[in-house]
Amino acid sequence: MVSPAISETLARAREVLRTRRYSRRTERAYLAWIKRFIRFHRMRPPAELGEAEVQGFVTYLTAERHVGGATQNQALSALLFLYREVLQRPMERVVLRVRAREGDRRPVVLTPAEVRAVIGELAGRMRLIALLLYGSGLRVSEALRLRVKDVDLNRGEILVRQGKGDKDRVTMLPDGVRGLVRETIEQVNRLRELDIQRNILVPLPDALDVKYPEAPTELGWQWLFPARRVRGRRGKLYRLHLHATAVQRAVRKAVRRAGLTKPASCHTFRHSFATHLLEDQYDIRTVQELLGHRDLRTTM
C-alpha cells in the first residue's frame, strides 16, 4: 500500500519534470529510479530519508547489482533531482562520495559495406527508418517523432523538432530516400482519411489542438511512421507513432542476418553517419550542427 506522502511526492516530481520540460524519456527514467529508491528503503517516504540513505542505495546498485558507471550516475542524478527540485533539500556532499567516473568508450561504427548489408536485411518502413538514421544522422526517437510537415522534399531537408536538450535543428534528407518518403506520405494520407471517418486524431504538443482545433486531422501534423495501435485519452481516440522497441528489435535481427559480429544497434547508424562524413572531408563543425551536439567535444 502506497502512503499518501509517497503518492504526493511522485506526483510532485512528475509535475516538476514536466514544468522544467524534461524529455518524457528522462521523466520515465527518473520516476523509475525514485520508485526503486523508495522500495529499497521499505516504502518509507523520501522526506524521511537523507544523504546516508541515498548513498546506501547507490552503493547497493554498484556493490550488489553491479550496474555500470552510466547507470549509477543516472540513478544518482534522479535522486539529486528529487531532493533538490522537489523536496528542496540539496545534498551536494553525496555527489563526491558516490558519483562514478565513467570510462572512455569508443562508439561502434560500421563500414559502408556493413551498413548496406544491414539495411539490405530490412524492408518497408523499417528499411526507410534505418536509411534516415544513417543518411540523416537521426536518433531513433527523432525519426519516429517526425511529422509529415517536418520533411521538405523540395529542399532535401528534415526539421528535427525538440531533439535532445529540447533543441530544433535541420539535417539533410538523402536524395536516395525521397521517393520512399513520398510513397510513405501517400500511405499516411490514406490512413488519415480512414482515421477521420473513425474520429481518430493525432496528439499535438503544447495543447496546440486547443489553439488549432483542425490541426489533428491535417496531413502535415500526421506522424510519418504511425503506429497501428490507437489509444484513448480524455474521451478521444489518438494514433501514436511507431514505438522505438519495434525498430530496435528489427535492427538487431537484421544485424544477425547480415552476419555481423559487431554489437550494432539503431544508434550505430548515427555514429556511422558522422564518421563517414568526416572521412569524406566534411568540416567537423558541419557534422556537429547536423548531429545537434551542443559541445564540439561530443562530436569529436
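The structure examined here is a predicted model, in which local features need pLDDT of at least 70 and side-chain atom pairs count only at pLDDT 80 or more, while totals for chains, interfaces and linings use all residues. Residues are numbered from 1 along each chain as its sequence is written, and side-chain values use heavy atoms, with hydrogens and water left out.

The chain contains 14 helices and six strands; these are DSSP runs numbered from the N terminus, helices being H or I with at least four residues and strands E with at least two. Of its 300 residues, 42% count as buried, where buried means under 20% relative accessible area, exposed over 50% and partly exposed in between (1.4 Å probe, protein chains only). A contact requires heavy atoms within 4.5 Å. Among the contacts in the chain with a separation of 6 or more, 61% involve residues 24 or more positions apart.

The axes of helix 1 (residues 4-19) and helix 4 (residues 69-86) come within 10 Å and cross at roughly 90°. Such axes are lines fitted to C-alpha atoms, for helices over the stretch in contact, and the angles run from 0 to 180 degrees between N-to-C directions. Helix 1 and helix 4 are therefore roughly perpendicular to each other. Helix 1 contributes T9, R12, A13, V16 and L17 to the contact, and helix 4 contributes F81, L82, E85 and V86. By class, these residues comprise six nonpolar, one polar and two charged; Ala, Val, Leu, Ile, Met, Phe, Trp, Tyr, Cys and Pro count as nonpolar, Asp, Glu, Lys and Arg as charged, and the others, Gly among them, as polar.

Eight aromatic pairs were found in a search of the whole structure. Rings of Phe, Tyr and Trp (its six-membered ring) pair if their centres lie within 6.5 Å; planes under 30 degrees apart count as stacked, over 60 as edge-to-face and the rest as tilted. The ring centres of Y22 and Y30 are 6.2 Å apart and the planes stand at 50°, so this pair is tilted. Y22 is partly exposed, with a relative accessible area of 30%, whereas Y30 is buried at 13%. Y22 also forms an edge-to-face pair with F81, at 5.4 Å centre to centre and 65° between the planes. This pair links distant parts of the chain, since Y22 lies in the loop between helix 1 and helix 2 (24-40) and F81 in helix 4, 59 residues apart. F81 is buried, with a relative accessible area of 1%. Elsewhere, ring pairs join W33, F37, F40, F57, Y60 and Y83 into a cluster.

L128 belongs to helix 7 (residues 124-136) and is buried, with a relative accessible area of 3%. Apart from neighbours within four places in sequence, L128 contacts V177, L180, V181, T184 and F225. The C-alpha atoms of L128 and V181 are separated by 7.7 Å, although the two residues are 53 residues apart along the chain.

Positive phi values occur in two residues that are not glycine: M43, near 65°, and N199, about 60°. M43 is located in the loop between helix 2 and helix 3 (51-63) and counts as partly exposed at 35% relative accessibility. N199 occupies the loop between helix 9 (178-197) and strand 4 (200-201) and is exposed, with a relative accessible area of 59%.

Notes. Angles under 35 degrees count as roughly parallel, over 145 as roughly antiparallel, 65 to 115 as roughly perpendicular and the rest as oblique.
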